[in-house]
Amino acid sequence: MLELLYGVFVGPVKDMVTGPAFLAEVVIGGLAAGLMYSLVALGFVLIYKASGVFNFAQGVMVLFAALTLVGLMERGAPLVLALLVTMAVMGALAFAIERVVLRPLVNQEQIILFMATIGLNFFLEGFGELVWGSNVKKLDVGIPDSSFVVWGVQVNRLELTAAITAAVLVAGMAIFFQRTRIGRALRAVADDHEAALSIGIPLNTIWVVVWSAAGLVAIVAGIMWGAKSGVQFSLSLIALKALPVLILGGFTSVPGAIVGGLIIGVGEKLAEVYWGPLVGGAIENWFAYVLALAFLLVRPQGLFGERIIERV
Amino acid sequence: MTLRRVMIALLAVIVIAVPAAGTVSAQAKEMFVPSTVYRTGPYAPSGTPFANGLWDYLTMLNERDGGVNGVRLVVEECETQYDTKQGVECYERLKGKNGGAMVFNPLSTGITYQLIPKAGVDKIVIHSMGYGMTAASDGRWFPWVFTFPTTYWSQASSVIRYIGQQEGGLDKLKGKKIVHIYHNSPYGKEANPTLEELSHKYGFELTLLAVDHPGQEQKATWLQVRRINPAWVYMSGWGVMNQVAVKEAAAINFPMDHFIGNWWSASEADVIPAGDGAKGYKGATFHAPGANFKVHADIVKFVYDKGKNIGPKDKIGEALYNRGVVNAMYMTEAFRTAMAKYGNKPLTTEQVRWGYEHLSLTEARLDQIGLKGFTHPVKVSCEDHEGSGPVLIQQWDGKKWNVVSDWIQPMKEVVRPKLEAAAVEEGKKLGYTMRDCSKEN
Amino acid sequence: MIYREAGQFKSTYASDQALFPIRQDRVVVGLAVAAAVIAVPLVADEYWLQAVLIPFLIYSLAALGLNLLTGYAGQVSLGTGGFMAVGAYSAFKLASAFPGLSVLVVFLLAGLVTALIGLVFGLPSLRIKGFYLAVATLAAQFFLLWLFNKVAWFTDYASSGTITAPPRTVASIMVTGPAATAPVRYLTALAFVAVFALIAKNLVRGRVGRSWMAIRDRDIAAEIIGVRPLRTKLLAFAISSFFCGVAGAEYVFLYLGSAETLAFDINVSFLVLFMVIIGGLGSILGSFLGAAFIVMVPIFLTNVPHLLGLAMPVALQKQIELMVFGGLIILFLIVEPHGLARLWQIAKEKLRLWPFPY
């Protein structure tokens, strides 16, 4: 019993203190991984904020974006052209989704819309594989996946690039939402569809814009994840890792997605490296969810989520 | 409103059409071989070349020789997506079709576990070539399940023997650190008991690191590897886990020639995404890589030139393509062995089982088929459905796999007793009784 | 005209409160049950029993459980797979520890264990609502599967890491194990589903069901009128987990034969949620209809090329299957967001007046 307590409370802390360089590596690795999750979570947040839909298909959109980009590059298109075409494709996809899925289901309950996005998930999975094939593809955007050592701590170039990209993206989106007219319109729509309609905000256009923006975020996430682990089917499963980030940060908050990502990333890695060996390892998956759950018990709408005002 | 009517009509069609599923038609002078594959889903990069290899070899036999001793083979693929439920559904749908399936190659440890109890009842041979369940290699308890040419436990012991060779002797392993990274599923865990026993025997420090399905995110695992700083890393991975592991190993600058993957972790799909970083990565295998064998020339001539192929021509000779070829080869040689006794006609499944159990593949025979030096001779017996085969170590040089070792024997004295004990345990669970091999021929 | 209730008078309270007050309903249900019990085992071939009917019955039970929780009590849960795993593993441990215990009792005890676990994982529902709760139940899903994977005690230290249903008999007929025939297993599953559906139907008609629906619709108002949220929500979780646990035990013992944790992963949770939503949230019949839809559509899609005589490469077929499945779900939700049960209700309404239009 005493050993158990020692193993859980004292041992790992001692480990951490006696190896500060390694601890720093784990923390940095966690931060980087967390930011990668945030990239995916951002797409969720965008769509939820503006259309109230929990887009389960975000993971598949990341995969689809990456597949399109790599597929075009394999056929000889230079990077910039491929990027532009992919953005156009994601825009067209957003348009199609709005027309076929969202418009007929306007004003339905959240869970119905959620189910529709699951249906979309299946559809895009099959479609992506049909068009681009199921082989693993290498994504080369010119960022080497090597590490360099600074102050005894190993830092990975690819992760560093991803972190910087995420920061830029978030800053861009914050400015977009706070300072532009469309951003304000998006926030209005997120608050109340009908009220927004009644003051003249074109709902359908807004939704196309939002889903395209989410598509753009999906492209960035796809590039980063694809460069890290190759473009193949399992990329869509990243969405499951982004969910704890969402619930920790709150479904409707962009800074929440980032902060949540960082917390989940660091927490996950620390748990796996220092407490994992005690229980045989592979605790990352559920630990992220339990961590998010623990935060939720204190703040039921997530750290930065909007407090839902309930009326009787 | 009309959309609603369309929907209702569609539902009605589904309800009526489903019962029409699963019709049977038997043909004369043919044997039915279902091929469970995964050409879609997360494991497709590994499943597709295997399926192509199997298909190509069997089609080549049909085209070149008119089948096995004049009996054509009817091959039908069924997609499982490496999912157990779909695998069982494929089995149920195809086991009685076309006069009955001769043999099943589940291509998945999970599906194999499901089918093992059914094999004895339905009387269909299950050939789990080099995958689970290892305990079923004792033919006295599991007459209908075959695992040759070798199993995970034997492979683990062979890899340790190889590492010992590289270090200058098995006694030099004392005090060295070896890490086993494994897929957190029954498949990945198979090698662990054997590795633990060997670590006690030879005194090396073994660390077991589990990676959860699908294995997309392995940062924490490789941080731990960096901290432990082992001399060697062995991996039992599958699917995307493999390539992520190779990439992460390259990213932390781990010496790739001290990283060995098992025979499902060493294929082209695992190393190409990592690019140059994967150079030097080693893997275990039980057949040679490459397309330089007479069989491949025949496949090109009789299958690709006639347009009967499914996969692309430039992927012939890949590691997993050859795995499919070897699987098909064992199957047809077993058929031939049975036909030598029972005659050149479509066999019953009992006869096929006899053929599998008495398979004796020699160097001379391999030469005859056009696979000289491709794989090791195999001898299956009533007690030994494993064949206790040796493995080769291959290494990736950036463009292709090259064999870098001789045939490395497994440590039979360690593996066989454990295997027999496990067979007793698993057999009793299913309510089996042990056969007496001396009473049969 | 067919469905007229005119002329059917009730003279006792009991007959008025009957489950199927209209005679036509009673006749149809009676015929359906008779067909299911007598005709199907005689007529259906093994493939149909094994691959369609038995999973349909098992999934209906799980969908029933989830419907009670999500449809009636309004707590979205994505942990169904994990709860089914609890049922399966506890049934396995009980069956191997008490070989003399009847397998029917084993299933019920497994359900009880799952109910207790469900109670524990339902505690966050008091604080967390809506989608946040759904994602929180994923914690249950992942943790439970990890636990069963990691702790070898659950699989009785099997080297294979899987649980296998031991052969068991009921009244000297083989019910589980490889020798159990498909019709026997089908009838066992049918018996369980029938009994539990009856229980569920009565639950939702009574005080418990009404308190669940009150919490679902306006939980603060419900609290004000005296419905205790703690008890009600936890009861919903417990009963729903009971159903899912029994379904999980049946999944391994009557359908698969053996299983590893991957058989209960998150895809199962989503699948059961589909069944509930497509069948209709808050409807007992809906659970069955939804399960039938989800079980039959993939089989239909797999076999259609054969029926039409097309020989499609396997990969293409699977991809088109996925696309059609996804498309069907979306189409379905657009056409009838309240599920198949609502379609059935509308049909009954129309039948009342047929052949008159109004």
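This is a predicted model: local features need pLDDT of at least 70, side-chain atom pairs count only at pLDDT 80 or more; totals for chains, interfaces and linings use all residues.
Visitor: What makes strand 2 and strand 3 of chain C a pair?

Guide: DSSP has to find at least two bridges between two strands for them to pair. Here three bridges join strand 2 (residues 168-170) to strand 3 (residues 173-176) of chain C, and the two run antiparallel. Strands are DSSP runs of E with at least two residues, helices are runs of H or I with at least four, and both are numbered from the N terminus.

Residues are numbered from 1 along each chain as its sequence is written, with chains lettered from A and ligands numbered from 1 in the order in which they are written.

Visitor: Why is helix 7 of chain C called roughly antiparallel to helix 10 of chain C?

Guide: Axes are lines fitted to C-alpha atoms, for helices over the stretch in contact, with angles from 0 to 180 degrees between N-to-C directions. Those of helix 7 (residues 182-205) and helix 10 (residues 229-256) of chain C come within 11 Å and cross at roughly 175°. Under 35 degrees counts as roughly parallel, over 145 as roughly antiparallel, 65 to 115 as roughly perpendicular and the rest as oblique. So helix 7 of chain C is roughly antiparallel to helix 10 of chain C.

Visitor: Which residues of helix 7 and helix 10 of chain C meet?

Guide: Among them are Phe192(C) and Phe196(C) in helix 7 of chain C, and Phe243(C) and Leu254(C) in helix 10 of chain C. Contact means C-beta atoms, placed from the backbone, within 7 Å. The residues of this contact divide into six nonpolar, one polar and two charged. Nonpolar covers Ala, Val, Leu, Ile, Met, Phe, Trp, Tyr, Cys and Pro; Asp, Glu, Lys and Arg are charged; the others, Gly among them, are polar.

Visitor: How many residues does the contact take from chain C and from chain A?

Guide: Chain C gives 34 residues and chain A gives 39 residues. Helix 13 of chain C supplies the largest share of the chain C side, eleven residues. By class, that side has 27 nonpolar, three polar and four charged residues.

Visitor: And how many residues of chain A are in contact with chain B?

Guide: 31 residues of chain A are in contact with 32 residues of chain B. On the chain A side, helix 2 gives the most, with five residues. By class, that side has nine nonpolar, 14 polar and eight charged residues.

Methods:
Two residues are in contact if their C-beta atoms, placed from the backbone, lie within 7 Å.
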